[in-house]
Amino acid sequence: MEKRRLGTSDLDITPIGFGSWATGSGGWEFGWGHQDDEQSIQAIHGALDLGVNWIDTAAIYGLGHSEEVVCRALQGRDKRPYVFTKCALIWDEKRTIGRSLKAESVRQECEASLRRLGTDVIDLYQIHWPSPAAEIEEGWTALSALQKEGKVRHLGVSNFNVAQMDRVRKLDLAPIVSLQPPYSAVRPDVEREILPYCEQNQIGVIVYSPMQAGLLTGKMTAERVKGFPADDWRRKAAEFIEPQLSRNLRLAELLGKIGGRHGVGAAVVAIAWTLRLPAVTGAIVGARSAEQVDGFIGAASFRLGQDEAAEIDRFIRENP
């Protein structure tokens, strides 16, 4: 599988990485409902066996559970993939989620992630959200110290805007190797300012939710949305609520038609659309089963034609 250099790092990553948000299972504020751990492990194995060489997780996914499942999945593997995780979202004994970029909190999170992942070093450690905003500088300073100590190899940010990345870069402590923003044909906003900024400043981009949480797989229906479990965060997401839901399902139908011309599904087209721009290094794609991995892995090599990309862009412009 093709590999691309991530920003100024020495990490050569495949265009697709395994996303383990849903791997955290249910029972927390931003969960996807119950997820069987063995199915998650099989999905991870399926992705790695097909050539994917990085996994993206976060301490907050399942309140530590996702990292633990990733650790189990990698036990006994001959070749370990890169593992990326995140800090800044914390929780208490009541499972209430808070936010902190205080130095001591960041250090405690890093140590806990290292234990859960069963490793001595994290390949890419990212600030999950720029919040509290007043603590961005303190948080990045703490990450830089962890890097100097050898606990993390590279540093990145997630969900930051241009002004927030500028604040980090002005500290001149360590380079921002990557940004992780949401990006899909449903949410293309980063194209205007953020992607050009990253390209100009040699910041790699690994986008999340390229299929918009399943909306663009070609398998989502209004009936399926109605059947989401009570602890699935998508029940409250604007893109899953009318009138946006119908609009987004029409977009998925278009992606499916384009994919049909090439013998691939809507999911492959949705992911390939996010990978078409040179600013984007890779896409994080979640899967709850090995079968789901089989359904999207072709996006690592599939390329949209200019006319087909323009067709999708036209739909986005005409259906805001």
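Arg 95 is partly exposed, with a relative accessible area of 45%. Here buried means under 20% relative accessible area, exposed over 50%, and partly exposed in between (1.4 Å probe, protein chains only). Arg 95 sits in the loop between β6 (89-91) and β7 (97-99). Helices (H or I, at least four residues) and strands (E, at least two) are DSSP runs, numbered from the N terminus.

This is a predicted model, in which local features need pLDDT of at least 70, side-chain atom pairs count only at pLDDT 80 or more, and totals for chains, interfaces and linings use all residues. Residues are numbered from 1 along each chain as its sequence is written, and side-chain values use heavy atoms, with hydrogens and water left out.

**Backbone exceptions**

Most residues other than glycine have a negative phi, and most peptide bonds are trans. The table lists exceptions.

| Site | Backbone feature | Value |
|---|---|---|
| Arg 95 | positive phi | near 65 degrees |
| Asn 159 | positive phi | about 65 degrees |
| Ser 131 to Pro 132 | cis peptide bond | omega about 0 degrees |
| Glu 242 to Pro 243 | cis peptide bond | omega near 5 degrees |

Asn 159 lies in the loop between β9 and α5 (162-171). Asn 159 counts as buried because its relative accessibility is 14%. Pro 132 is in the loop between β8 and α4. Pro 243 is in the loop between α7 and α8.

The loop between α7 (222-226) and α8 (244-260) also holds Ala 230. Ala 230 counts as exposed, at 77% relative accessibility. Its C-alpha atom is 22 Å from that of Thr 217, 13 residues apart along the chain.

Strands of a sheet pair through backbone hydrogen bonds, either parallel or antiparallel. In this model, 8 strands close into a barrel with parallel pairing, in the order β3-β4-β5-β8-β9-β10-β11-β12. Neighbouring strands are turned by 30 degrees against each other on average, direction ignored. Two strands pair if DSSP finds at least two bridges between them.

β8 and β9 pair in the parallel sense over 5 bridges. Gln 126 stands opposite Gly 156 in β9. Strand β11 (residues 204-208) pairs with strand β12 (residues 282-286) over 3 bridges, again in the parallel sense. There, Val 207 stands opposite Ala 283 in β12.

β9 is largely enclosed by the rest of the structure, because 6 of its 7 residues are buried. Ser 158 belongs to this strand (residues 152-158). Ser 158 counts as buried, at 1% relative accessibility. Its side chain reaches the backbone oxygen of His 128 at 3.3 Å. Contact means heavy atoms within 4.5 Å. Residues touched by Ser 158 include Trp 129, Leu 179 and Tyr 208, not counting residues up to four places away in sequence.

**Helix packing**

Helix α4 (residues 136-148) lies across β5 (82-87), β8 (122-127) and β9, running at about 160 degrees to β9. Axes are lines fitted to C-alpha atoms, for helices over the stretch in contact, and angles run from 0 to 180 degrees between N-to-C directions.

α8 and helix α9 (residues 266-274) pack at about 100 degrees, with axes 7 Å apart. That makes α8 roughly perpendicular to α9, a label covering 65 to 115 degrees. Ala 252 and Leu 255 of α8 are among the contact residues, as are Val 269 and Ala 270 of α9. The contact residues divide into 6 nonpolar, 2 polar and no charged. Ala, Val, Leu, Ile, Met, Phe, Trp, Tyr, Cys and Pro count as nonpolar, Asp, Glu, Lys and Arg as charged, and the others, Gly among them, as polar.

α9 is mostly covered, with 9 of its 9 residues buried. Those residues pack against β3 (16-19), β11, α8, β12, α10 (290-296) and α11 (306-318).

Definitions and conventions: A polar contact is a pair of N or O atoms within 3.5 Å; within protein, one must be able to donate a hydrogen and the other to accept it, and residues adjacent in sequence count only if both atoms are side-chain atoms. Angles under 35 degrees count as roughly parallel, over 145 as roughly antiparallel, 65 to 115 as roughly perpendicular and the rest as oblique.
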